[in-house]
Each structure stands twice: as C-alpha cells, then as structure tokens.
Amino acid sequence: MAKKVLVDLTHPFHADIPVWPYFAKPKIDTMHNLAKSGVLTQKIDVVMHCGTHADAPRHVMEYEFDGKRARYTHEMPLDAYYGDAVCLDIKVDRWGLITADHLYDACKRANIKPEELEGMVICLRTGMHLKFDDTREYYHYSCGTGREAGEWFAKYKPKCVAMDMQALDHPLHTTMGKNGGYVGMNLIGNSGKPITDEYIEKFGIEAYAEFNKDTFIDVFGKDKYMEAYGMLENHGLEGTWEPCHKLMMGNGIVGVENLGGDLDKVVNKRFKFMAFPIRWWLGDGSMVRCVAEIDEDDVNDVPDRVYNYGGF
C-alpha cells in the first residue's frame, strides 16, 4: 500500500474572499500587532456560510422529515462530515441543472455503483471550483442541483454531499432567482435583464418552471406541481426554494458548499474525506477545512491549484 497523503479541498480564506450575493464580506481586524504589543492578535466578523463551509439541517428547515426538530451544528455526530468518499466528475453544461442521469453517468465513470454510496461522502466535481471568484459567472450562471438530484441522494443515502458550486442548489432555485418571498432578489444578469428572463430566453418557459412555484403551476398545473414538490410543500416548505438542500438535510444528509483547492487531484478516486465544523452550540453551519486522505499513488497527476483572484 502506498503512503497516505493529504489533499486540501478548501478555498483560501481572506478578507476579500468571494461571498454569496447578499452576504457581507468578512471583516478582519488586528487588535494587537508585534511592533506595538509584542503579539499578533486578530478578530474576524464573518457569516459562517463563507468560502468552503458545511451546512447543518437547521440552516434550511425547522423539522426534518422524521418529525424531529432540525439539528444544529453541535447536534451533528462527529463523523457527519467524515468518512469513506468518492469524487464524482459531473459532466454538465453551463447553467445546467444536474439530473439523475448526470449522477448515474458519473458513478459509472468512477467505477462505483450507486448502491455502494450509502453511508459514504460524495464530492461533486463540476469544474465550478476553478471559477471561484466574485463574479456573475460563478454565482448567477453556475450549474447546480435541484429536486431530482435531491431525490437521488435521498434514494442512495450518502451521509454527506460536498459540491464545488456556490450552493447545494442551482442558483435559480435560490434567492438569486424568484424564491424565498421577500428575500428573493431576481438578480440582473450580463444582458442587463433579470437572470430569470435570461434563462427563459435560453431554455424556454417549461425548463424555467422547475425553478419557480407560480410558473410551474401556470405551465403544468397544481396537480403536477404537488406530484413534483408535494413532499416539501406538505412539510411547510416552499418547494422550489432550495429543494436539494431540503431533500438532503430533511433526510439527515449534510452538505458542504464551495469545495475547492486541489479537488482535481481526487476526481474519480476513492479516499477518506474529513471536514470538521467548529463545535458551535445552536449553529446553522460552519466554515470547514476539507481534506482528502488518499494513497499517494492514486493522486491524479495535475498541477497544484493556483489562486489568482483578489490578493493572490
């Protein structure tokens, strides 16, 4: 057996790290410095959903599907974000919605059966981690998961799914589109039009309907909507608002967003994944250091990741 090595799967953290569209940038202040005080002491004011981070169920719901109160960070078991893992290479178009077919195809190329995923950690590599920056391309136009992927995860029961994208859902399933009531933003895209309008022009109204409850009902009818999203609606949740988040976490599957670093070194490989949140009482999530432990001989022969955004 080859020597074990550690591969960093985390984006660097700093004051100008890209953050989700309605989050404030981190504030890093120096309380003491070496020249004046003889020690260096810093403090950070930051949203925990910043950079590479883990979500707890309480982030998106009051109750999990078993009827119990959704768990906070401190209530998650130590191994919730740790264990045997596989990195699936997802082949999806720009702004594409990841379906079950994408996931089955990725499993086949990674030489793993979906039935083997139960209790494992899945890392999704779409290539979005290479675009990590404070840009519309990374946030507005990311590919992403939704209802169908969430149902697929619930079926095959991994313990954790870590993704290299801006969120555990496609951007139009988030408040970047028309979800979340008053917090919905419907952000402006590159054309100067709202991204929802851009998506409709590119893919059509039926494709867009998957991302918005009112549109889905207008296009397909209320019965079809309840057939698709009834499980979430009957649980008191807006179906098209972050359905993958909710289908995962409501079934006890936690998630990691903004996976990065040297992710390409472990694509289609099996390894031990680890990412420990801080032991935060009543926390909704936590920044984490994601690491893969893998046999040295199994590491893909690709260059070390170089970051060119911000101060790098």
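# Close-up views of a predicted model

**Figure 1. Helices H7 and H8 pack against each other.** Helix H7 (residues 213–220) and helix H8 cross at an angle of about 145°, and their axes lie 8 Å apart. By class, the contact of H7 with H8 comprises six nonpolar residues, no polar residues and four charged residues. This view, like those that follow, shows a predicted model.

Figure 2. Helix H2 (residues 100–109) packs on helix H4 (residues 147–156) at an angle of about 50°, with 8 Å between the axes. The two helices are therefore oblique to each other. The H2 side of the contact consists of Ala100, Asp101, Leu103, Tyr104 and Cys107, and the H4 side of Glu148, Ala149, Trp152, Phe153, Lys155 and Tyr156. These residues of the contact of H2 with H4 divide into eight nonpolar, no polar and three charged.

**Figure 3. The buried residues of helix H4 and their surroundings.** Arg147, Ala149, Gly150, Trp152, Phe153 and Tyr156 are the buried residues of H4. They pack against H2, strand S6 (121–125), strand S7, helix H8 (222–233) and helix H9 (243–249). Just after H4, lysine 157 adopts a positive phi of about 60°.

Figure 4. Nine strands form an open sheet in the order S1-S11-S9-S5-S6-S7-S8-S4-S10, with mixed pairing. S1 and strand S10 (285–287) are the edge strands, each pairing on one side only. From one strand to the next, the twist averages 25°. Within this sheet, S6 and S7 pair in the parallel sense over four bridges. Leucine 124 has methionine 163 in S7 as its bridge partner.

Figure 5. Strand S11 (residues 291–295) is mostly covered, with four of its five residues buried. Strand S1 (residues 4–8) pairs with S11 in the antiparallel sense over five bridges, and leucine 6 has glutamate 293 of S11 as its bridge partner. Strand S9 (residues 270–274) likewise pairs with S11 in the antiparallel sense, over three bridges. There, phenylalanine 273 stands opposite alanine 292 of S11.

**Figure 6. Strand S8 is covered on both faces.** In a regular strand the side chains alternate between the two faces of the sheet. In strand S8 (residues 254–257), Val254 and Val256 lie on one side, Gly255 and Glu257 lie on the other, and all of them are buried. Strand S4 (residues 53–55) pairs with S8 in the antiparallel sense over three bridges, whereas strand S7 (residues 160–163) pairs with S8 in the parallel sense over three bridges. Glycine 255 in S8 stands opposite aspartate 55 and also opposite valine 161.

**Figure 7. Histidine 245 in helix H9.** Histidine 245 belongs to helix H9. Its relative accessible area is 1%, so histidine 245 is buried. Apart from neighbours within four places in sequence, histidine 245 is in contact with Asp55, Val60, Ala167, Leu168, Asp169, Gly250 and Glu257.

**Figure 8. Cysteine 143 in the loop between helices H3 and H4.** Cysteine 143 is placed in the loop between helix H3 (136–139) and H4. With a relative accessible area of 4%, cysteine 143 is buried. Leaving aside neighbours within four places in sequence, cysteine 143 is in contact with Val92, Asp93, Trp95, Gly96, Thr126, Met128, Met165, His170 and Pro171. Cysteine 143 and threonine 215 are 72 residues apart in sequence, and their C-alpha atoms are 20 Å apart in space.

**Figure 9. Serine 191 in the loop between strand S7 and helix H5.** Serine 191 is found in the loop between S7 and helix H5 (195–203). With a relative accessible area of 49%, serine 191 is partly exposed. A polar atom of the side chain of serine 191 lies 3.2 Å from the backbone nitrogen of lysine 193.

Note on methods
Residues are numbered from 1 along each chain as its sequence is written. This is a predicted model: local features need pLDDT of at least 70, side-chain atom pairs count only at pLDDT 80 or more; totals for chains, interfaces and linings use all residues. Side-chain values use heavy atoms; hydrogens and water are left out. Buried means under 20% relative accessible area, exposed over 50%, partly exposed in between (1.4 Å probe, protein chains only). Two strands pair if DSSP finds at least two bridges between them. Axes are lines fitted to C-alpha atoms, for helices over the stretch in contact, and angles run from 0 to 180 degrees between N-to-C directions. Angles under 35 degrees count as roughly parallel, over 145 as roughly antiparallel, 65 to 115 as roughly perpendicular and the rest as oblique. Contact means heavy atoms within 4.5 Å. Ala, Val, Leu, Ile, Met, Phe, Trp, Tyr, Cys and Pro count as nonpolar, Asp, Glu, Lys and Arg as charged, and the others, Gly among them, as polar. A polar contact is a pair of N or O atoms within 3.5 Å; within protein, one must be able to donate a hydrogen and the other to accept it, and residues adjacent in sequence count only if both atoms are side-chain atoms.
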